[in-house]
Structure formats: structure tokens, C-alpha cells
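Biologist: Please show me the sequence and the model, and then let us discuss the packing.

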Amino acid sequence: MKIDIMTLFPEMCEAVLSESIIGRARKAGKVEISCHNIRDFSGNKHNKVDDTPYGGGMGMVMSAAPIYNCFTSLYDPETEAKPHLVYMTPKGPTFTQKKAVELSKYDRLVLLCGHYEGVDQRVIDAIVDEEISVGDYVLTGGELPALTVVDAVCRMLPGVLADDICFTEESHFAGLLEYPQYTKPETWNDMQVPEVLLSGHHANIAKWRRERAIEETYRRRPEMLEGAELSKKEKIFLDELKKEK
């Protein structure tokens with residue numbers, strides 16, 4: 001998979017994407033990620049990429065031309081299909097694990113990081129395929145949201161993690177929050193690791209983890225259970241949890 005990030009701060013993005021799992025995946029060739037400075041496509045000597053909004057108002061708006069020119073430099077329309085372009089904006093639908101899986105299916109993905117008071121609507125209408133928000137709040141720019149999306153998407157790609165189970169059992173992937181985790185030592189501050197995890201009985205451990213995942217989801221995010229696929233026994237287990245309330 002190839003991911004391009006259009007931004008005013010490529011160094012900021014590179015600093016994050018060069019570290020940890022994503023950094024190793026890039027070095028290993030599991031994913032290709034490039035950061036492009038929109039200012040390089042401003043077409044003026046001052047690298048100006050914004051201007052005052054028509055109709056008045058506070059702040060500045062990113063101009064259409066530099067963004068368009070940056071995007072069209074990423075591919076040859078005569079020989080290549082248009083990459084899927086995502087604009088990071090608080091006006092978009094909220095990013096989810098389901099969307100991360102969906103985006104991971106693309107061979108080519110481009111993320112546009114907005115700034116200031118936003119982006120000229122005309123370039124959004126012309127080239128953007130979808131808009132995504134990482135939450136109901138406003139950030140200085142789209143870089144942090146874009147990095148969040150890249151991290152979540154890259155984890156879904158073959159070979160980025162050691163095994164698929166590394167993400168299929170994580171919170172949100174299967175519609176549930178993740179079960180509690182424990183590591184050595186066996187006793188810490190007079191608190192014990194649950195005995196079942198020390199038993200070596202894989203079926204019992206799997207059952208315990210599944211039930212704890214259901215319990216964690218019920219306690220913290222009960223609305224998620226509406227879309228979760230539960231067996232008959234798991235539904236009975238959930239009903240018992242509700243009775244305890």
C-alpha cells in the first residue's frame with residue numbers, strides 16, 4: 001500500500017511515522033508513506049497557500065490551487081487511477097475501526113491535512129472522495145488526525161504486525177472492547193493474576209477473555225453491544241451482568 005500525506009508540516013509527520021511499528025514497517029517495505037509540503041505548490045515566491053475568506057470573517061482559508069496542484073503531482077491521470085483522497089476535517093463522520101479496515105483495502109490512499117479556518121470548498125468538491133473526523137473537537141490542523149488514521153490503517157496491512165491476532169483481538173475490531181491484560185510478576189502489590197491465565201488451558205482462557213471483553217464493553221461502552229455478534233451462551237452471560245446492576 002502507498003499512502004501520501006499532503007500537509008504544511010511534513011517534518012512533523014515524518015517524526016512520528018519514522019518511529020515504532022510504522023517506522024519499522026516502512027523500512028521493511030510493508031507500506032510506502034510519503035509526506036508532501038503543500039507550500040511547494042503555491043506558485044508564488046512567498047510560498048503563500050492561504051487567503052482571507054470571501055464574505056468576511058476571522059482567520060484565513062487554504063487556497064484551492066496549491067492543494068489541487070499537490071494532489072495532481074502524485075499520479076499520472078493518463079496511466080494511473082485517481083488515488084482515494086481523504087480530507088481530515090471535524091465536519092466529517094467519526095473515524096472508527098471499521099473505517100480503518102475499509103481504508104486498508106485501497107492500494108493507494110492520500111490524506112489532506114487542513115489548516116486555518118479550513119479549505120476552499122471548490123477543491124473539496126473537485127478532488128476529495130470522503131471526509132473524516134477523529135472526534136467532536138477542533139485541532140490546530142489535520143496532521144494529528146492524519147497520523148491517527150495512518151497508524152490505524154497500517155496495522156491492518158499484511159506483515160506490519162507479527163500476526164493478525166495482534167489486531168483482531170484488540171478493542172473495537174470485533175465490536176467489543178479488549179479484555180484485561182496481565183504480565184509478570186504473578187503477584188504485584190498483593191494483587192494476583194487471574195488463575196485461569198496461569199492454567200495453560202487454552203479453551204478456558206479463550207472463554208474467560210471473551211467474557212471479560214463482553215463485560216468491559218457492557219461497563220464502559222454498552223452501546224457497542226447493539227452491533228456485536230454474540231452466541232446464545234454469551235447473550236445469557238450478558239443478561240446475568242445486567243441483573244447484577
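Modeller: A residue is called buried under 20% relative accessible area, exposed over 50% and partly exposed in between, with a 1.4 Å probe and protein chains only. This is a predicted model, in which local features need pLDDT of at least 70 and side-chain atom pairs count only at pLDDT 80 or more, while totals for chains, interfaces and linings use all residues. Residues are numbered from 1 along each chain as its sequence is written, and side-chain values use heavy atoms, with hydrogens and water left out.

Biologist: Is Glu244 buried or exposed?

Modeller: Glu244 lies in helix 9; helices (H or I, at least four residues) and strands (E, at least two) are DSSP runs, numbered from the N terminus. The relative accessible area of Glu244 is 57%, so the residue is exposed.

Biologist: At what angle do helix 8 and helix 9 pack?

Modeller: Axes are lines fitted to C-alpha atoms, for helices over the stretch in contact, and angles run from 0 to 180 degrees between N-to-C directions. The axes of helix 8 (residues 202–220) and helix 9 (residues 232–244) are 10 Å apart, and the angle is about 45°.

Biologist: How many residues of the contact of helix 8 with helix 9 are charged?

Modeller: Contact means heavy atoms within 4.5 Å. Helix 8 contributes residues including Arg210, Ile214 and Tyr218, and helix 9 contributes residues including Phe237, Leu241 and Glu244. Asp, Glu, Lys and Arg count as charged, Ala, Val, Leu, Ile, Met, Phe, Trp, Tyr, Cys and Pro as nonpolar, and the others, Gly among them, as polar. The residues of this contact comprise 5 nonpolar, no polar and 8 charged.

Biologist: What is the relative accessible area of Asp50?

Modeller: Asp50 lies in strand 3 (residues 50–51). Leaving aside neighbours within four places in sequence, Asp50 is in contact with Met60, Val61, Met62, Ser63 and Tyr116. Asp50 is buried, and its relative accessible area is 12%.
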